[in-house]
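The structure is shown first, and the notes follow.

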Amino acid sequence: MPSDTPPPLADALAAGTVVLDGGMSNQLEAAGHDLSDELWSARLLAERPEAITEAHLAYVQAGADVAITTSYQATFEGFARRGLGRAEAARLLRLSVELAREARERARGQGVTRPLWVAASVGPYGAMLADGSEYRGRYGLTVEELERFHRPRIEALAAARPDVFALETVPDADEAAALLRAVRGLGVPAWLSYTIDGDRTRAGQPLADAFALAADVEEVVAVGVNCCAPQDVAAAVGLAARVTGKPVVVYPNSGERWDAEARAWDGRSTFAPQQVRGWRESGARLIGGCCRVGPQAIGAIARALAP
C-alpha cells in the first residue's frame, strides 16, 4: 500500500473545499522543457520523469491538495507512434501516478501535513490526435468505440491505485458516456469535467443534458468544467449542482486563447483568484486552474478558500 493514504476524496468534499493544482504544461515549460510534440507533457514520462515530480511538488508547496497526473495525452496509440510497445506504454501510464505519489511523499518530508490526493488524468480521444479536436468533439466514433479506446489505459492507470480519476476536458456528451462506462467496477472514484463554450459542450450539446449523464453514476464524486474561459464557470457551477446534486469541480484556463494552428496562446489572462469564493458559494468543492494557471495563482486560490 502507498505510505500515505488520504481519506476518501468524497468525504473531504462533503466536509469542505479541496484545492486542485494548475496547468502541468506551463509549469514544465517554465522549467525549460520543450513540449512541442504530439505527446506533449507525456513525453517527459519517458525522458525526464524527475521534472514531472518537481512540477507536482511546486503545486503542492503552493497550496494544492490534488496532483493531477501527466497522463492526459498518454495513450497506447500515442506511445506506439513513438515506437513503444504496450508493456512499456502501460508502465509509463502507471509511472504517471507513481510520480505524483512521489511528490506527495517529498512534500511530507518537507513538513506538509494536510491530506493530499493523486488524480489520474484521463484526457479525451481528441488529445491523442494532437490536432485540437478535443476542443470540438464529434470524432465520428460511436460510444462503444470510444469506450474501447479509453478502457485499456483506464485499467492501466487503475493498476497504479490513484485516489481518483480525473475524466477531464471532455468536449462531447457521447465521450462522457463512454468514459462513465469505462470506469465502472474498477474501485476508483472519478470526477467528470467538460470543456465548454458558454452554456454548451464544445460539441454543442446543452450542458444540463451533459451533466445529467453523471447524476446516478456511483463512481462519480464530482461533476463540472475545466479548460474553459473563467467567465463561463459561474453559470456552469450552479447548473451542475442543480442537475446532479453532486459536488462541483471547476478549473478554468487563464482566459488566454489557444491557437491550434500556431500552437501558441494569445490574448490576456482574465483569471482572478478572488472569483473562487463565488464558485464555492454556488456548489464548487474541487477548485483549481488549468492551462496557463501556475503555482502562484494556485497559492492565491488556496488563500482565498482558507477557513
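## Aromatic pairs

Tyrosine 125 and phenylalanine 149 are both buried in this predicted model. Their ring centres lie 4.9 Å apart and their planes stand at 80°, so the pair is edge-to-face; the angle is over the 60 degrees required for that class. Tyrosine 125 belongs to helix α7 (residues 125-129) and phenylalanine 149 to helix α8 (residues 143-159), so the pair ties together parts that are 24 residues apart in sequence. Tyr125 and Phe149 also form one aromatic cluster with Tyr139.

Across the whole structure, the search finds 5 aromatic pairs. Among them is the pair of phenylalanine 271 and tryptophan 279, with ring centres 6.3 Å apart and planes at 65°, so this pair is edge-to-face. Phenylalanine 271 has a relative accessible area of 12% and is buried. Tryptophan 279, at 5% relative accessibility, counts as buried, because the cut-off for that class is under 20%.

Threonine 142 sits in the loop between α7 and α8. Its relative accessible area is 39%, so threonine 142 is partly exposed; the value falls between the limits of 20% for buried and 50% for exposed. The C-alpha atom of threonine 142 is separated by 27 Å from that of alanine 119, which is 23 residues apart from it along the chain.

## Packing of α8 on α9

α8 packs with helix α9 (residues 173-182) at an angle of about 45°, and their axes are 8 Å apart. The two helices are therefore oblique to each other, and the crossing of α8 and α9 is right-handed. On the α8 side the contact is made by Val143, Glu144, Leu146, Glu147, His150, Arg151 and Ile154. On the α9 side it is made by Asp174, Glu175, Ala177, Ala178, Leu179, Arg181 and Ala182. By class, the residues of the contact of α8 with α9 divide into 7 nonpolar, 1 polar and 6 charged.

An α-helix has 3.6 residues a turn, so residues three or four places apart point the same way.

## Packing of α4 on α6

For α4 and helix α6 (residues 86-109), the packing angle is about 50° and the axes are 8 Å apart. α4 and α6 are therefore oblique to each other. The crossing in which α4 passes α6 is right-handed.

Pro49, Ile52, Thr53, Glu54, His56, Leu57 and Val60 are the α4 residues that meet α6. Their partners in α6 are Leu95, Leu99, Ala100, Glu102, Ala103, Arg106 and Ala107. The residues of this contact of α4 with α6 comprise 9 nonpolar, 2 polar and 3 charged.

## Helix α13

How many of the residues of helix α13 (residues 295-305) are buried? The count is 8 of its 11 residues, and the helix is mostly covered. The buried residues are Pro295, Ala297, Ile298, Gly299, Ile301, Ala302, Ala304 and Leu305.

These buried residues of α13 pack against both helices and strands. The helices are α2 (24-30), α4 (49-62) and α12 (276-281). The strands are β1 (18-19) and β12 (284-287).

Definitions and conventions: Residues are numbered from 1 along each chain as its sequence is written. This is a predicted model: local features need pLDDT of at least 70, side-chain atom pairs count only at pLDDT 80 or more; totals for chains, interfaces and linings use all residues. Side-chain values use heavy atoms; hydrogens and water are left out. Buried means under 20% relative accessible area, exposed over 50%, partly exposed in between (1.4 Å probe, protein chains only). Helices (H or I, at least four residues) and strands (E, at least two) are DSSP runs, numbered from the N terminus. Contact means heavy atoms within 4.5 Å. Axes are lines fitted to C-alpha atoms, for helices over the stretch in contact, and angles run from 0 to 180 degrees between N-to-C directions. Angles under 35 degrees count as roughly parallel, over 145 as roughly antiparallel, 65 to 115 as roughly perpendicular and the rest as oblique. A crossing is left-handed if the near helix is turned anticlockwise from the far one by less than a right angle, and right-handed if clockwise. Ala, Val, Leu, Ile, Met, Phe, Trp, Tyr, Cys and Pro count as nonpolar, Asp, Glu, Lys and Arg as charged, and the others, Gly among them, as polar. Rings of Phe, Tyr and Trp (its six-membered ring) pair if their centres lie within 6.5 Å; planes under 30 degrees apart count as stacked, over 60 as edge-to-face and the rest as tilted.
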